[in-house]
Amino acid sequence: MYLPTESVLAEMTATEHTGWQRYTFDTSRDAKLYIDAASTLSEGTTEGANISVSEDGRTITAEVTVYGGFSERFDGLKAYYYAETDTAIKSFEMNGTEGVCLNFGNVKGKPVEIKAGISFVSLENAKGNLAAEAGDADFDSVRKSADEKWNAELSKIKITANEEIKTNFYTSLYHTMIMPTNFTDYNGEYVGFDKQTHTADGYTYRTDMSLWDTSRNVNALYCLIEREVQNDCVQSLLDMADKGGVLPRWPMGEGYTGSMLGCPANMVLTESLLKGFDFDTEKALDYMIKSATTFDNKENREYSELYDEYGYVPDDLVRDGYRGTSVSRTVEYSWADAAISAFAAEIGRNDVADEYYERSMRYKNVWNPDTKYFQARNSDGGWGVLKPNMTAFYDEVLGFKFSKAYCEGSARQWRWSAMNDIDGMIELFGSKEYFVSELEDFMKDASLNRAAINPGAGYWVGNQHDIHTPYLFINADRPDLTQKWVRWTLDNRFSTDINGLDGNDDGGTLSSWYVFSSMGIYPVAGTAQYWIGSPCVDSAEMDLGGGKILTVRAENQSAKNIYVDYVTLNGKKLDSFIINHSDIENGGELVFHMKSARK
């Protein structure tokens with residue numbers, strides 16, 4: 001990037017734990033760089049910034065505690081910085097303990113490079129990270145290495161499609177790989193949830209997991225093409241529980257953030273078990289049960305005692321505002337209990353499986369058979385006010401309390417969210433025909449504008465609670481409507497424009513929806529199943545590791561031919577629009593035969 005005001009070309013690259021900068025000044029004026037140890041993003045703050053410079057200006061060290069939007073929730077995150085420059089300085093000027101201005105004098109035409117290592121363990125580790133990952137390398141070799149590493153990652157799926165779809169696809173795939181964070185230094189050290197330094201053994205300790213979101217599809221993508229990363233996630237979640245006491249739902253840095261609701265780690269652990277990952281299953285089950293039955297940590301279930309007493313979270317006994325969400329909590333807790341049941345059954349703990357299966361049916365206790373909505377219910381059994389199109393966002397702006405029972409959405413958007421018992425949820429509507437009619441109306445009510453400030457109360461792929469809804473038609477025996485609405489979403493809710501996403505990507509969740517859906521499959525979260533949709537790519541090759549390749553081909557696919565005539569897997573015609581992970585885990589060929597008209 002060329003900065004005309006300063007007459008300088010600024011270039012940047014990175015390794016896992018280092019950042020590299022190269023500045024080429026096109027001016028005879030003194031070249032100056034300011035390093036600010038107290039700077040932070042957005043509305044965050046910092047404390048204890050302390051920066052120092054060696055006498056020749058070639059080495060800069062700093063440490064600071066950052067209080068960002070999430071890290072402030074666990075008393076801040078301590079960071080360390082060790083940097084070296086390849087150019088001698090003319091002078092430097094300190095700004096207290098927080099910043100330093102390096103003056104290189106007249107270096108017109110001669111690049112100035114600064115390479116820096118970071119660590120959340122110690123200054124010594126920051127220096128060690130730089131040495132281990134940089135050594136005697138120069139800027140160009142590091143940039144080349146970064147390109148090669150990213151190309152290798154993005155090449156784990158190779159598609160054939162038009163240029164717009166390719167751009168959307170690989171942008172999306174890249175987004176799915178930004179998190180979770182590698183929190184492990186060159187020597188295996190990391191700071192655990194007990195604030196002590198530990199050493200990861202046999203895996204990379206990772207954090208920054210938006211689990212309420214990523215448990216719905218991103219982790220399923222890792223189970224296919226990033227199994228090492230998924231294993232890291234599983235081992236790290238268990239380590240967080242070991243050090244902090246409970247499984248997290250949105251871990252960041254070295255602590256719990258308390259963000260969102262439910263127990264999404266349950267779904268991640270259960271799906272990992274069902275898809276063949278090896279970990280301490282007894283420990284995992286114990287922590288899942290603990291999260292379901294206690295509330296001594298902000299990451300456990302809020303109102304779990306009420307949920308157990310009433311069989312649902314009573315709306316009149318919870319606090320107003322964001323932390324209310326009685327309906328959403330009941331539905332999500334039931335899903336989490338179903339994950340415990342499935343996990344326990346898989347490892348032969350049938351007593352636990354039976355108990356938690358019964359608990360998982362509690363979502364039905366907030367289903368009002370008269371309105372046919374999941375609806376706020378009070379402790380006396382009576383129903384609260386229902387305004388189906390009012391969202392929690394309206395409540396926040398207007399001060400109304402109509403939708404406080406729902407997290408980040410409306411009653412209509414939460415109407416389809418019993419992920420643990422989809423067929424049972426459909427039965428609550430009275431008939432598959434009525435379910436399809438209502439779901440079709442919901443889809444048609446999607447906002448006319450992508451990334452709208454007011455998304456409305458209809459289908460909204462930009463948030464996670466209804467991100468799966470186009471695929472529910474399959475369970476109601478209308479796969480053609482899944483195909484119709486998946487293709488509509490692919491075409492209308494993802495773009496190369498500045499408003500290319502319909503909402504917050506949340507750790508790559510929206511992007512993962514695109515990656516999966518464009519290839520014609522989508523995970524049933526927390527299970528080992530996938531729905532069959534309607535691919536918009538002509539072909540895709542997924543590298544599953546170990547020489548195993550899953551090939552997807554869409555014969556006669558086009559903007560017009562969006563409907564599926566039939567699908568074959570390894571030459572055998574499928575008799576269902578749901579397949580199991582075991583069907584594809586060793587690779588093979590999935591072929592879609594497309595047509596222009598519905599059945």
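Predicted model: local features only at pLDDT ≥ 70, side-chain atom pairs only at ≥ 80, totals over all residues.
**Exercise 1.** List the buried residues of α17, then inspect the backbone just after the helix.

*Solution.* Step 1: apply the cut-off, under 20% relative accessible area. Step 2: read off Thr509, Leu510, Ser511, Ser512, Trp513, Tyr514, Val515, Phe516, Ser517 and Ser518.

**Exercise 2.** Check the span of helix α16 (residues 479–492), then find what covers its buried residues.

*Solution.* Step 1: α16 has 14 residues, and 20 Å is expected at 1.5 Å a residue. Step 2: the helix reaches 20 Å from its first C-alpha to its last, close to that value. Step 3: turn to burial. α16 is mostly covered, with 10 of its 14 residues buried. Among them are Leu481, Trp485, Val486 and Leu490. Step 4: look for the cover. It includes α17, α14 (432–444) and β24 (563–569).

**Exercise 3.** Trace the pairing from strand β5 through β6 to β7.

*Solution.* Step 1: β5 (residues 45–53) pairs with β6 (residues 59–67) in the antiparallel sense, over seven bridges. Ser52 stands opposite Thr61 in β6. Step 2: examine the connection. β5 and β6 form a hairpin with five residues between them. Gly57 in the turn has a positive phi of about 75°. Step 3: β6 also pairs with β7 (residues 77–85), again antiparallel, over eight bridges. Here Thr59 stands opposite Glu84 in β7.

Technical notes. Residues numbered from 1 in each chain as written. Heavy atoms only, no water. Pairing = 2+ DSSP bridges. Helix = DSSP H or I, 4+ residues; strand = E, 2+ residues; numbered from the N terminus. Buried < 20%, exposed > 50% of the residue type's maximum accessible area, 1.4 Å probe, protein only. Expected span 1.5 Å × (residues − 1). Contact = heavy atoms within 4.5 Å.
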